[in-house]
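These entries record what I looked up in the model, topic by topic. I began with the open spaces and then turned to the sheet, the helices and single residues.

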Amino acid sequence: MAVRPTVIWPDPRLREPTVAITTVDDSVRELYRDLCDSMYAENGLGMAAPQLGDHRKMFIVEPKLAGLAETDQPVCLMNPEVIETSDEVQDSEEGCLSFPDIYIKVKRPMRCKVRAMGLDGQLFEIEGEALMARCLLHENDHLTGKLLVDFVGPLKRSMIKKKLQKVKDAQGEAEAEA
Ligand code: ZN
């Protein structure tokens, strides 16, 4: 179990292709636990493996958002596939742990259904509405290399880049001192 540093954009690891998970072994379970620890450390609603610099197709969703009890384990989705989205859309601000303190208005379907493999190795389907749908689609985007900045124009993108480069530089200095 470990909290690992979140990969901050424009780190190229956020854009690298991801690979499917075929068997749930100790290293897959370790990735899941690291995602949980890292998500809770940052008060996130979800987190995807590339945000820890890992390229396996896995993301997690905070249990309460997923309709479970607060004390339940986060939902683990491996090799997810979005199988349904509603025509009805929602348009609100979205954040991302890889874009600290940046919020971007993103239009997304109001509802979606995702099929994925769980930690027990079995396929399951999960539905989301409003924020849950937004979270499922946002985390799924991470596994295809799609990021928040892909929803803004070039000017705003370069402003965000400048701002986050400062955050990354500060992170690098802190690591060098540690
Ligand atoms: Zn994100």
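**Entry 1. The largest pocket**

I looked up which element gives the most to the lining of the largest pocket, and found that helix 2 does, with six residues. I note that helices (H or I, at least four residues) and strands (E, at least two) are DSSP runs, numbered from the N terminus. I read the pocket's space as about 410 Å³. Of the 22 residues that line this pocket, I listed Gly-44, Leu-45, Gly-95, Cys-96 and Leu-97 as the closest to its centre. I found that the elements giving two or more residues to the lining are strand 4 (89-94) and helix 2. I sorted the lining by class into nine nonpolar, seven polar and six charged residues. For these classes, Ala, Val, Leu, Ile, Met, Phe, Trp, Tyr, Cys and Pro count as nonpolar, Asp, Glu, Lys and Arg as charged, and the others, Gly among them, as polar.

**Entry 2. Basis of the values**

I record that this is a predicted model, in which local features need pLDDT of at least 70, side-chain atom pairs count only at pLDDT 80 or more, and totals for chains, interfaces and linings use all residues. Residues are numbered from 1 along each chain as its sequence is written, and side-chain values use heavy atoms, with hydrogens and water left out.

On a 1 Å grid over the protein atoms alone, a cavity is a set of points where a 1.4 Å probe fits but cannot get out, and a pocket is an open set with protein on both sides within 12 Å along at least five of seven lines; lining residues have an atom within 4 Å of a point. Grid points are joined across faces, edges and corners, and a volume is the space filled by probe spheres set on the points.

**Entry 3. The cavity**

How many cavities of 30 Å³ or more does the structure hold? I found one. The largest cavity has about 40 Å³ of space. I listed its lining as Glu-94, Arg-108, His-138, Asp-141, His-142, Lys-146, Leu-147, Leu-148 and Phe-151. Helix 2 gives the most to this lining, with three residues. By class I noted three nonpolar, two polar and four charged residues in the cavity lining.

**Entry 4. Residues of helix 2**

I looked up Asp-141, which lies in helix 2 (residues 131-142). Is Asp-141 buried or exposed? Asp-141 is buried, because its relative accessible area is 12% and buried means under 20%, exposed over 50%, partly exposed in between (1.4 Å probe, protein chains only). Beyond its neighbours within four places in sequence, I found Asp-141 in contact (heavy atoms within 4.5 Å) with Arg-108, Lys-146 and Phe-151.

His-138 is also found in helix 2, and I noted that His-138 is buried at a relative accessible area of 8%. Not counting residues up to four places away in sequence, His-138 touches Glu-94, Gly-95, Cys-96, Arg-108 and Leu-148.

Cys-135 lies in helix 2 and is buried, with a relative accessible area of 7%. With residues up to four places away in sequence left out, I found that Cys-135 touches Leu-45, Gly-46, Val-61 and Leu-65. I also noted that Cys-135 and Glu-62 are 73 residues apart in sequence and 9.5 Å apart in space, C-alpha to C-alpha.

**Entry 5. The sheet**

In what order do the five strands of the open sheet stand? I read the order as 1-2-3-6-7, with antiparallel pairing; two strands pair if DSSP finds at least two bridges between them. Strand 1 (46-48) and strand 7 (123-129) are the edge strands, each pairing on one side only. The twist averages 40° from one strand to the next.

I found three bridges joining strand 1 to strand 2 (residues 58-61), where Met-47 stands opposite Ile-60. Seven bridges join strand 6 to strand 7, and these strands run antiparallel. The bridge partner of Arg-111 in strand 7 is Glu-129. The hairpin of strand 6 and strand 7 has five residues between the strands, and there Gly-121 takes a positive phi near 85°.

**Entry 6. Helices across the sheet**

I looked up helix 1 (residues 26-41), which lies across strand 1, strand 2 and strand 3 (75-85) and runs at about 40° to strand 2. Helix 2 lies across strand 1, strand 2, strand 3, strand 6 (111-117) and strand 7, running at about 125° to strand 7. Axes are lines fitted to C-alpha atoms, for helices over the stretch in contact, and angles run from 0 to 180 degrees between N-to-C directions.
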